[in-house]
Amino acid sequence: MKFCSACGHPVVQKIPQGDSRLRYVCESCETIHYQNPHIICGCLPTWQDKVLLCKRGIEPRYGLWTLPAGFMENLETTQEGAARETWEEAHAKVKIGELYCVFNIPQISQVYMMYRGEIIDGQFGVGEESIEAGLFDEESIPWDELAFASIKRTLRYFFADRKLGHFPVRVEDLVHGSRD
């Protein structure tokens, strides 16, 4: 950050009085610019015994497979964000279920919140951020072509939990370099 979004003057990095972290501060209007982690809302959409995956049509990880997920928008809940991302990326309407996985990824200041969901009518397609979408059973998942460690972990947990008939909420830290 170089300039204050409130007044346009240059900002400096310093620890404001009463704080303990380095922040961007405008010395002209005294605005403190807090930078906080981004929430990623996603869905593990299922239809019958299969999972819906999308092949990414954008960077990062263009051409690799993922579950529908993306940045939470202002004025929406995490569940609404998960449903919206599923529609945007896979043209699937879903009934959002329970929170399933939470992944803290501190090195990139992101928190993934993945929900289980059921595709309402079995219909899906290719959204504007995807180049392909498809339903996969466990054996046909393109495991070596998954875009993110969080997605691979969510899918591994899902197939293991489905066999047990129990889906506990998983909370985990993914440290730099985690791929599965």
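My entries cover a sheet, a helix and a group of aromatic rings.

**Ground rules.** I am working from a predicted model, where local features need pLDDT of at least 70, side-chain atom pairs count only at pLDDT 80 or more, and totals for chains, interfaces and linings use all residues. Residues are numbered from 1 along each chain as its sequence is written, and side-chain values use heavy atoms, with hydrogens and water left out.

**Sheet.** I took helices (H or I, at least four residues) and strands (E, at least two) as DSSP runs, numbered from the N terminus. Two strands pair if DSSP finds at least two bridges between them. I looked up the sheet order and got S1-S2-S3, an open sheet of 3 strands with antiparallel pairing. S1 (11-14) and S3 (32-33) are the edge strands with a single partner each, so one side of each has no neighbour in the sheet. S1 pairs with S2 (residues 23-26) in the antiparallel sense over 4 bridges. In that pairing, I found Val-11 opposite Cys-26 in S2.

**Helix H1.** I checked its length against the expected span (1.5 Å times one less than the number of residues). H1 (residues 78-90) has 13 residues and should span 18 Å, which agrees with the 18 Å between its end C-alpha atoms. His-91 follows H1 and has a positive phi, near 45°.

**Aromatic rings.** Rings of Phe, Tyr and Trp (its six-membered ring) pair if their centres lie within 6.5 Å; planes under 30 degrees apart count as stacked, over 60 as edge-to-face and the rest as tilted. I counted 5 aromatic pairs by this rule. Trp-143 and Phe-159 have ring centres 6.3 Å apart and planes at 70°, so they are edge-to-face. Trp-143 is in the loop between S10 (130-136) and H2 (149-164), while Phe-159 is in H2, 16 residues apart. Both Trp-143 and Phe-159 are buried. Tyr-100, Trp-143, Phe-158, Phe-159 and Phe-167 form one aromatic cluster.

**Charges over rings.** My cut-off was NZ of Lys or CZ of Arg within 6 Å of the ring centre and within 35 degrees of the ring normal. Arg-116 lies over the face of Phe-167, 3.9 Å from the ring centre. Arg-156 has its charged end over the ring of Trp-143, 4.5 Å from the centre.

Conventions: Buried means under 20% relative accessible area, exposed over 50%, partly exposed in between (1.4 Å probe, protein chains only).
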